[in-house]
Amino acid sequence: MVDPKRWQIGLVGYGEVGKILAEDLRQQDIKVSAYDIKLGGEHRAPLKEHAAKHGVALAASHAELAAKSDFIISAVTASQAVPVAKACAAAINQGTWFLDFNSASPGAKQRAAALIDGGGGRYVEGAVMTSVPPYRIKVPLLLGGPGAREIEPLLNTIGFAAKVASDKLGVSSAVKMCRSIMIKGLEAMVIESFTTARAYGVEDAVLASLAETFPGINWEQQGAYFFQRVIEHGRRRAEEVREVAETVREAGLTPWSAQGTAERQAWVADLADEGLFGVRGAAEFARSADWRTEADRILSKIKR
């Protein structure tokens, strides 16, 4: 039987998720290599520092990483899911597992699978069902595709919390995408509702009404958390929700809600890139305990 702890694991995407997976895998002395397009740009220094600290080997290209990996995890932005699969498929070894961790539509997952399987690899669809940081490698993960049942116990041996959703490609992603209509949409609605309420000076009344209707939610804390996550990750979230919108289109519906959510997430990301919320990467960036602080910054910007 294959011992997954002896795998050479390749991570494509060395952002927040990639770093967390690398840390948790390296703690088990599993060999890890990584590639990220940022390694070739001005933001490479923090990636190299993290890799050196945790013993992660950095590859120079998708092809180099794919050629030396027994198991590849693709954890990139949604729009790059298929391009990454194409880049890895050109050099993937026969039988190498490829876990697509990305928030892409069922159609995109199927296109990525065709590329990897056509190159001799073994594609498995993965749908991450909640935010990674609180759970780290044990984040709930739904698997899909013909190889899902075979790889499930192997993944769980190295710390994942994976379970099979379906032997059919696209099912896991459909679950993820439909959930994201609600979760990412709620983030966008909270930012829009709370900031508007702040502008009119009625935020206390709005929160009191929400608490009465949904008593199980601490809206002050939830609001602060949603503002933090969108300010920090709005660009990635906007890309994901555009994939959500594509999923809705694939079902034959017009994605009015998803399109609006994507625009609001991207709008906040633009403000963050302009420096409205402080210096990205600094300790205090997107870490206000009070959502009003961030809402006031937004209002000061739009009222100029």
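Is Glu150 buried, partly exposed or exposed, and what is its relative accessible area? Glu150 is partly exposed, at 46%; buried stands for under 20% relative accessible area, exposed for over 50%, and partly exposed for values in between (1.4 Å probe, protein chains only).

The legends below describe a predicted model, in which local features need pLDDT of at least 70, side-chain atom pairs count only at pLDDT 80 or more, and totals for chains, interfaces and linings use all residues. Residues are numbered from 1 along each chain as its sequence is written, and side-chain values use heavy atoms, with hydrogens and water left out.

**View 1. Strand S4 and its two faces.** Strand S4 spans residues 71-74; strands (E, at least two residues) and helices (H or I, at least four) are DSSP runs, numbered from the N terminus. In a regular strand, side chains alternate between the two faces of the sheet. Phe71 and Ile73 lie on one side of S4, Ile72 and Ser74 on the other, and all of them are buried.

**View 2. The strands paired with S4.** Two strands pair if DSSP finds at least two bridges between them. S4 and strand S1 (residues 8-12) pair in the parallel sense over four bridges, and Ser74 in S4 is the bridge partner of Val12. Strand S5 (residues 97-100) also runs parallel to S4, joined by four bridges, with Trp97 in S5 opposite Phe71. From S4 the chain crosses through helix H4 (residues 81-89) to S5, a right-handed β-α-β crossover: with the strands pointing away from the viewer, the path from the first strand over the helix to the second runs clockwise.

**View 3. The salt bridge between Glu150 and Arg122.** A salt bridge is a side-chain nitrogen of Lys or Arg within 4 Å of a carboxyl oxygen of Asp or Glu, and by this rule the count is 23. The side chains of Glu150 and Arg122 meet at 2.8 Å, N to O. The pair links distant parts of the chain, 28 residues apart: Glu150 is in helix H7 (residues 148-157) and Arg122 in strand S6 (residues 122-128). Arg122 is partly exposed, with a relative accessible area of 30%.

**View 4. The salt bridge between Glu240 and Lys184.** The closest N and O atoms of this pair are 3.5 Å apart. Glu240 belongs to helix H10 (residues 219-250) and Lys184 to helix H8 (residues 171-200), 56 residues apart. Both Glu240 and Lys184 are buried.

**View 5. The salt bridge between Arg280 and Asp273.** Their side chains meet at 3.1 Å, N to O. Arg280 is partly exposed at 40% relative accessibility, whereas Asp273 is exposed at 51%.
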